[in-house]
Amino acid sequence: IIILEQKPKWIPSQDFPQENYQDNVGFPYIVHQTYHHRTRIPEHWEKVRARCKTHNLEIQFWLWTDDDLYDFFALNYAWFLPTYLNYKHPIQRVDAAKLFLLYHYGGVYLDMDIGCSKSLLPLFHESNGVPIFARAPLGLYADFMAAPQRHPLLFEMMHALPSSDLSFYFPLATIFFATGGGFVTREATMSKHDVVFMDHELHSDGVDRFFLHVDGNSWTTWDTGLWEWLKDNIILLLVLLALILILCCGIGYVLYLVSRVPHKRKRLIE
């Protein structure tokens, strides 16, 4: 039995109950979400959050603001606070915070642009206390994850964040590999601990899906359009690269033949 510790004093009572919370299968019935402010949530996000609550009356929904997260790190994980504050992109702080929240409290993390198509209780009951990640078309999603309290995989991922804090020319690549889906994919797939990988169809594409997506744009940077074009035109890009490679090889071979001609003539004259 996992007993959730009493809420810290700074957390508003309407979102974080005073009583301890118990769960018989290893996952506290909690959904963690984050946003800058508690009262300025975009209307379309508020609607999908309300729908999730309707499908999951047994589950507590905890909304963490920027101030809540700062206090959470200052009180519990001060060693990480410099890295947390130095992240170049705000979404990286969200990506990092979800790992610490799941480790500290357990439960489920959902991005604000993720809605629920049905009850999430099967995720709590069928996991047997093993962390759950969702397969994406490429790697794993970072918009959803679930874990029991104090799981060692989350501990390892938390401590891998500082060494993964790399910066690339493209902002989207920095986010993806430093804290986002690329980081989650690497750490979860290389871990020695048991992990459950939810099929992409169960995540958001199939008839029995748990989640649905609404407009988010929390990842939007100046290079987003470029990566979207590459994703949508990957076949065309590969064909063009193959043609360029063939052309370069052909030009190289012609130049090689041309370079051999003078040597042959010189030998004939001698």
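Select Glu156: its place is in helix 6. Helix 6 covers residues 152-160. Helices here are DSSP runs of H or I with at least four residues, strands are runs of E with at least two, and both are numbered from the N terminus.

The model is a predicted one, in which local features need pLDDT of at least 70, side-chain atom pairs count only at pLDDT 80 or more, and totals for chains, interfaces and linings use all residues. Residues are numbered from 1 along each chain as its sequence is written, and side-chain values use heavy atoms, with hydrogens and water left out.

**Stop 1: Glu156**

Stay on Glu156. Is Glu156 buried or partly exposed? Glu156 counts as partly exposed, at 34% relative accessibility. The cut-offs are these: buried is under 20% relative accessible area, exposed is over 50%, and partly exposed lies in between (1.4 Å probe, protein chains only).

Now show what Glu156 touches. Not counting residues up to four places away in sequence, the list is Ser191, Lys192 and His193. Contact means heavy atoms within 4.5 Å. Then pick Leu99. Glu156 and Leu99 are 57 residues apart in sequence, yet their C-alpha atoms are 9.9 Å apart in space.

**Stop 2: the buried face of helix 6**

Select Leu153, Leu154, Met157, Met158 and Ala160. These are the buried residues of helix 6. Look down the helix axis: they fall within an arc of 165°, so they line one face of helix 6. The arc is that of the directions from the helix axis to the C-beta atoms.

What covers the buried residues of helix 6? The cover includes helix 4 (90-105), strand 7 (132-135), strand 8 and helix 8 (181-190).

**Stop 3: Arg150**

Step back to Arg150. It is found in the loop between strand 8 (140-147) and helix 6. Check the backbone here. Arg150 is not a glycine, but its phi is positive, at about 60°. With a relative accessible area of 39%, Arg150 is partly exposed.

**Stop 4: helix 6 against helix 8**

Show helices 6 and 8 together. Two packed helices are described by the angle between their axes and the distance between the axes. Helix 6 and helix 8 pack at about 130°, with axes 10 Å apart. That makes helix 6 oblique to helix 8. Helix 6 passes helix 8 in a right-handed crossing. To see the contact, select Leu153, Met157 and Ala160 on helix 6, and Phe183, Val184 and Glu187 on helix 8.

Axes are lines fitted to C-alpha atoms, for helices over the stretch in contact, and angles run from 0 to 180 degrees between N-to-C directions. Angles under 35 degrees count as roughly parallel, over 145 as roughly antiparallel, 65 to 115 as roughly perpendicular, and the rest as oblique. A crossing is left-handed if the near helix is turned anticlockwise from the far one by less than a right angle, and right-handed if clockwise.

**Stop 5: helix 2**

Move to helix 2, residues 66-76. Which residues of helix 2 are buried? They are Asp68, Leu69, Phe72 and Phe73. These cover an arc of only 125° around the axis, which puts them on the same side of helix 2. Turn to the other side of helix 2: Asp67 and Leu75 are exposed there. The buried residues of helix 2 pack against strand 3, strand 4 (60-64), helix 3 and helix 4.

The angle between helix 2 and helix 4 is about 60°, and their axes are 12 Å apart. The two are therefore oblique to each other. Their crossing is left-handed. Leu69, Phe72, Phe73 and Asn76 in helix 2 meet Ala97, Phe100, Leu101, His104 and Tyr105 in helix 4.

**Stop 6**

Select Leu81, in helix 3 (residues 81-86). Leu81 counts as buried at 11% relative accessibility. Beyond residues up to four places away in sequence, Leu81 touches Tyr70, Phe73 and Ala74.

Next, take Thr34 in strand 3 (residues 30-34). Thr34 is buried too, at 8% relative accessibility. Its contacts, leaving aside neighbours within four places in sequence, are Leu63, Trp64, Leu69, Val94, Tyr109 and Met112.

**Last view: zoom out**

Show the whole protein. It has 11 helices and 10 strands. Of its 270 residues, 47% count as buried. Among contacts between residues at least 6 apart in sequence, 74% join residues at least 24 apart.
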